[in-house]
Amino acid sequence: MRKQENLNIAGKQYDPSDYERTDSLSSTLATTHEQVSDVYMEGTVDGVIEDVNGKDIPLSGQNEQ
């Protein structure tokens, strides 16, 4: 029985209803989803894309300095 419970926990994925649930796993998934969403949507403040070769690329409408 314990092994099946562990498999169920390991296979759990985020679901929007996790925000309403009170169990620890759902709460943690909801919190992690929120953090990832915030970081993904925030981007960078300076509006510059970091090039892998070391030269920054300004977004359109900005002058390169």
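**Entry 1: Ser26**

I began with Ser26, which is buried, because its relative accessible area is 1%. For my own reference, buried means under 20% relative accessible area, exposed means over 50%, and partly exposed lies in between, with a 1.4 Å probe and protein chains only. I am reading a predicted model, where local features need pLDDT of at least 70 and side-chain atom pairs count only at pLDDT 80 or more, while totals for chains, interfaces and linings use all residues. Residues are numbered from 1 along each chain as its sequence is written, and side-chain values use heavy atoms, with hydrogens and water left out.

Next I looked up where Ser26 sits, and found it in helix α2, residues 24-42. Helices (H or I, at least four residues) and strands (E, at least two) are DSSP runs, numbered from the N terminus.

Which side chain does Ser26 join in a polar contact of 2.9 Å? I found that of Asp23. A polar contact is a pair of N or O atoms within 3.5 Å; within protein, one must be able to donate a hydrogen and the other to accept it, and residues adjacent in sequence count only if both atoms are side-chain atoms. The side chain of Ser26 also makes a polar contact with the side chain of Asp18, at 3.2 Å.

I then set aside the neighbours of Ser26 within four places in sequence, and was left with contacts to Lys12, Asp18 and Arg21. Contact means heavy atoms within 4.5 Å.

Asp18 lies in the loop between α1 and α2. Is Asp18 buried or exposed? Asp18 counts as buried, because its relative accessibility is 1%. Beyond four places in sequence, Asp18 is in contact with Lys12, Gln13, Ser26, Ser27, Leu29 and Ala30.

How many salt bridges does the structure hold? I counted two. A salt bridge is a side-chain nitrogen of Lys or Arg within 4 Å of a carboxyl oxygen of Asp or Glu. Side chains of opposite charge can pair when their charged atoms come close. Through shared partners, the salt bridges join Lys12, Asp18 and Arg21 into one network.

**Entry 2: Gln13**

I looked up Gln13 next, in the loop between α1 (2-10) and α2. Gln13 is exposed, because its relative accessible area is 63%. Apart from neighbours within four places in sequence, Gln13 is in contact with Asp18 and Leu29. I also checked Gln13 against Ala30: they are 17 residues apart in sequence and 9.9 Å apart in space, C-alpha to C-alpha.

**Entry 3: the aromatic pair**

I searched the whole structure for aromatic pairs and found one. The rings of Tyr14 and Tyr19 have centres 6.1 Å apart and planes at 85°, so this pair is edge-to-face. The rule is that rings of Phe, Tyr and Trp (its six-membered ring) pair if their centres lie within 6.5 Å; planes under 30 degrees apart count as stacked, over 60 as edge-to-face and the rest as tilted. Tyr14 is partly exposed, with a relative accessible area of 29%, and Tyr19 is partly exposed, at 40%.

**Entry 4: the whole chain**

Finally I stepped back. The protein chain has two helices and two strands, and from the N terminus on they run α-α-β-β. Of its 65 residues, 8% count as buried. Of the contacts in the chain with a separation of 6 or more, 0% come from residues 24 or more positions apart.

The chain averages a pLDDT of 78, and 74% of the residues score at least 70. pLDDT is the predictor's confidence in each residue, from 0 to 100.
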